[in-house]
Amino acid sequence: MVSKHVDIPLRQISDEKLLEIYNQKEREYIEVQAKHIFKKVTADSTEDQKEKARQQIIWITDQIKNGETFEAMALKYSDDPSVKSNKGDLGYFKKDEILKAVSDVAFIIPVDILSEPVLSELGFHLLMVTDKKKAEKKPFNEIKDQLYQEEHQKIFPEQFKKYIDKLKSQAIIKYN
């Protein structure tokens, strides 16, 4: 049996490409501080149960608009167990550090405005953004290696598949 070496060059990621990625990530450096009130809905909840949770969020919204504090309503009605210690305050977070459905809303609503009910895979949320700020953006040279690793993780599976396909195309299989 003869073994052949197959050489597939890895696609290099230039500094210019990394700098382009770095500049595109500017929006990821924004942080939001928000509070939430959560009503749990499971995957096996009925439509009636889901609607009941959504209506509870709407009712809670009305109570806050009529003078109740967000914190008091969170303590009384939220299904999030951390509410006992944080009164619904999620703290500061970046876009990819929290449930996507919650993050998508938190990053577009203005500060101090209540959201509509937000459905995530865990249930319904009522959000109020309390602050938005730019996080400190690290210098390019400081995070260049991290950017390289992130980009490499995106392209490696494609390169590996090409390598395996090339090996398969050159393979000779004999059956005895």
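Lys-100 is exposed, at 60% relative accessibility, where exposed means over 50% relative accessible area, buried under 20%, and partly exposed in between, with a 1.4 Å probe and protein chains only. This is a predicted model, in which local features need pLDDT of at least 70 and side-chain atom pairs count only at pLDDT 80 or more, while totals for chains, interfaces and linings use all residues. Residues are numbered from 1 along each chain as its sequence is written, and side-chain values use heavy atoms, leaving out hydrogens and water.

Now, what does Lys-100 form a salt bridge with? The partner is Asp-104, with the closest N and O atoms 2.8 Å apart. A salt bridge here is a side-chain nitrogen of Lys or Arg within 4 Å of a carboxyl oxygen of Asp or Glu. Helices are DSSP runs of H or I with at least four residues, strands are runs of E with at least two, and both are numbered from the N terminus. Asp-104 is partly exposed at 29%. Shared partners join Lys-95, Lys-100 and Asp-104 into one network of salt bridges.

The count of salt bridges comes to eleven. Another of them pairs Lys-39 with Asp-79 at 3.4 Å between the closest N and O atoms. Lys-39 lies in strand E1 (residues 30-40) and Asp-79 in the loop between helix H3 (70-77) and helix H4 (83-86), so this pair ties together parts 40 residues apart in sequence. Lys-39 is buried at 9%, and Asp-79 is partly exposed at 37%.
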